[in-house]
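Dear colleague,

Please find the structure below, followed by an account of what was found in it.

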Amino acid sequence: QVQLVESGGGLVQPGGSLRLSCAASGSIFRINAMGWYRQAPGQQRELVAHVVRGINPAVADSVKGRFTISRDYAKNTVYLQMNSLKPEDTAVYYCNANIQTSLIDRPLEVWGQGTLVTVSS
């Protein structure tokens, strides 16, 4: 079994910063990709940023220049550094990973439980 545990959400004022972390644990053979999605109230879940093994990280246009995604391969952890936060960044942020538990098994799509980010004065 594989799980993702997120941390780092909270309340921040506009213009402030937060850093989200997501650690994968369990029976992991290889993590092919990790990323962050978010879902605001009444909105669909949207991709914020992702990093695929062997490919440069990518972020959504709405957060480009403000958010940075990075990954620690040794720790099976992905981070989302969020700077210059705006009220419209308020959402539940979900970690996602594409994980293989063995060489022959098909990859699993795994989701974290979500962490709330609130940007408000």
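A salt bridge is here a side-chain nitrogen of Lys or Arg within 4 Å of a carboxyl oxygen of Asp or Glu, and buried means under 20% relative accessible area, exposed over 50% and partly exposed in between (1.4 Å probe, protein chains only). Lys and Arg count as positive and Asp and Glu as negative, while His and the chain ends are not counted. This is a predicted model, in which local features need pLDDT of at least 70 and side-chain atom pairs count only at pLDDT 80 or more, whereas totals for chains, interfaces and linings use all residues. Residues are numbered from 1 along each chain as its sequence is written, and side-chain values use heavy atoms, with hydrogens and water left out.

Glu6 is buried without a salt bridge, and the nearest side chain of opposite charge, Arg45, is 7.9 Å away. Glu6 belongs to strand β1 (residues 2–7); strands are DSSP runs of E of at least two residues, numbered from the N terminus. Its side chain reaches the backbone nitrogen of Cys95 at 2.5 Å, and a polar atom of the Glu6 side chain lies 3.2 Å from the backbone nitrogen of Gln113.

The search of the whole structure finds 1 disulfide (a pair of cysteine sulfur atoms within 2.5 Å). Cys22 and Cys95 form this link, with their sulfur atoms 2.0 Å apart. It joins distant parts of the chain, Cys22 in strand β3 (residues 18–26) and Cys95 in strand β9, 73 residues apart. The link is left-handed, with -85 degrees about the S-S bond. Cys22 counts as buried because its relative accessibility is 0%, and Cys95 is likewise buried, with a relative accessible area of 0%.

Strand β9 (residues 91–100) also runs antiparallel to β11, joined to it by 3 bridges; two strands pair if DSSP finds at least two bridges between them. Val92 stands opposite Leu116 in β11. Strand β2 (residues 10–12) pairs with β11 in the parallel sense over 3 bridges, with Leu11 opposite Thr118. In β11 (residues 115–119), Thr115, Val117 and Val119 make up the covered face, and Leu116 and Thr118 the uncovered one. In a regular strand the side chains alternate between the two faces of the sheet.

Finally, Trp111 is found in strand β10 (residues 108–111). Trp111 counts as partly exposed because its relative accessible area is 36%.

With kind regards

Key
Helix = DSSP H or I, 4+ residues; strand = E, 2+ residues; numbered from the N terminus. Polar contact = N/O pair within 3.5 Å; in protein donor to acceptor, adjacent residues only side chain to side chain.
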